[in-house]
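Thanks for making time, everyone. I'd like to walk you through one model today, so let's get it up on the screen.

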Amino acid sequence: MAHNQKLILELLKIEENNECADCGRKGVEYISYNIGIFVCNETCSQIHRSLGTHISKIKHIYLDYFEDSQICNLMNIGNRRSKLEYEKRIPACYRVPRYNDPPILLEQFIRAKYERKEFSGTVLPAYMSGKVEIFLMKKGKEDNRYFPRKFVLNEADDTLRYYVKEDRNPKAILRVSELNVVFATQFKKSLVHKNTLQISYLSPTNSTRNLFVYHEDAEIIVNFYHSIRCSKLNYLQIAFPHAHESDLVDILTRDFAKEGYLLKTGPKPEDKYRRRWFTLDNRKLMYSIDPLDSYAKGEIFIGYKMDGYSVRPGVAEHYRDEGFSFSLFTPERIYTLSATSSHERDDWMNEIQKVIERHLSPSDISLCSRLIRKRNTMNFLPGR
Ligand SMILES: [Zn+2]
């Protein structure tokens, strides 16, 4: 074994060097020898390559030859010191991605770190300014066509407005503090543009409304995502001045636990099974006909296990089993569902079970009462 190879193995005994410098994945296979860090074999080494060698020079730990000067750089820097420098000023609202987070966030994080040096400089990023105006491609409410729309985020009055025609009144005014935003590519990869955000909020009728927007430039859409997070954090810090910042950061945006097609039947055993797109968003299990529908067709509140909620494989008596069926028991009704495979069924049941095991938070209780209000005010259509 070459002398330099031995030195690398010595450096790998340092715990921080064995965890990817960017995504935290255990086990590293590549070195960026000019930056002086160890990175993972998965996405990060590829993202570093895409930055160009003027920013990051990547070599394989075991397959490549290292000059003395390159090893020297690694010994002097390493993952811990590099983080101290390149992640020096990450804003609290910034979502630092881990290996299992949306790839677009990871790529933009790495670009922000090494290409734009956003976290080591002193310039405040524009997404923290409290006022953002951008044009995004927005999906039509009734069809799958996208049109450019102006979006204006104003932290001062907690609003996000969008306009169909620039000079007219806004088409909608959303409360930033009440909306959620996720990268739609997590579960709808083949259905949307790679830079698509799904913005969800409550309509005045208490239904969940979804907006799908994208921008060709990944940096712009990720910055827009962070401008929403920053605005929400500032709002929460005023509303809850004694709360810990880290607790507030945890609730700025939430990814969906699971999405996908399930078969769903109505409340009566003779009702037909229909294919529906399901989304598990915290304690809310929503379903719609199409993954990109503007409104959820149904919303089921999933409460705590001691209050009559459970999920079990199979179907209740008299119901037809569609192959990979499972039943969700709520105090009001049994929902009979069927997945596309046994693996999918286990996955759905597992995610729902996690929710059932969790105690209710104050915001969960308000969600529950809102969904009950909605059910009482709308016409109940069996088998929807
Ligand atoms: Zn990584």
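First, the housekeeping. This is a predicted model, so local features need pLDDT of at least 70, side-chain atom pairs count only at pLDDT 80 or more, and totals for chains, interfaces and linings use all residues. Residues are numbered from 1 along each chain as its sequence is written.

Now the overview. The chain has 384 residues, and 33% of them count as buried. By buried I mean 20 or more other C-beta atoms within 10 Å of the residue's own; exposed is 12 or fewer, partly exposed is in between, and the C-beta atoms are placed from the backbone. Along the principal axes, the C-alpha atoms fill a box of roughly 75 × 55 × 45 Å. You'll find 10 helices and 17 strands in the chain. Those are DSSP runs, numbered from the N terminus: H or I of at least four residues for helices, E of at least two for strands.

How is the chain divided? There's domain 1 (3-115), domain 2 (126-250) and domain 3 (258-377), with bounds that come from an automatic or database domain assignment.

Over residues 5-119 the chain is 41% helix and 8% strand, with the end C-alpha atoms 32 Å apart. Over residues 255-357 we get 16% helix and 39% strand, and the end C-alpha atoms are 19 Å apart.

On one side, β6 pairs with β5 (residues 146-154) in the antiparallel sense over five bridges; two strands pair if DSSP finds at least two bridges between them. Leucine 153 stands opposite leucine 160 there. β6 also pairs with β7 (residues 172-175), antiparallel again, over four bridges.

Most residues other than glycine have a negative phi. Aspartate 158 is partly exposed, with 17 other C-beta atoms within 10 Å. Lysine 117 is another one with a positive phi, near 45 degrees. That lysine 117 lies in the loop between α5 (103-115) and β4 (131-139), and because there are 14 C-beta neighbours inside 10 Å, lysine 117 counts as partly exposed.

β15 (residues 310-313) runs antiparallel to β16 (residues 325-329), joined by four bridges. Arginine 312 has serine 327 as its bridge partner in β16. Serine 327 also stands opposite threonine 336 in β17. β16 and β17 (residues 334-338) pair antiparallel over five bridges, and they form a hairpin with four residues between them.

So where do domains 2 and 3 meet? Their centres, taken over C-alpha atoms, are 27 Å apart. 12 residues of domain 2 are in contact with 12 residues of domain 3, contact being C-beta atoms, placed from the backbone, within 7 Å. On the domain 2 side, α6 (185-188) and β10 (208-214) each supply at least two residues. β10 gives the most, with four residues.

Last stop, the largest nonpolar core. Of its 78 residues, Val39 and Leu197 touch the most other members. Such a core is a set of buried Ala, Val, Leu, Ile, Met, Phe, Trp, Tyr and Cys residues joined through C-beta atoms within 7 Å. Leaving out residues up to four places away in sequence, valine 39 touches several residues, including Cys20, Val28, Tyr30 and His48.

That's my tour; over to you.

Key:
Two residues are in contact if their C-beta atoms, placed from the backbone, lie within 7 Å.
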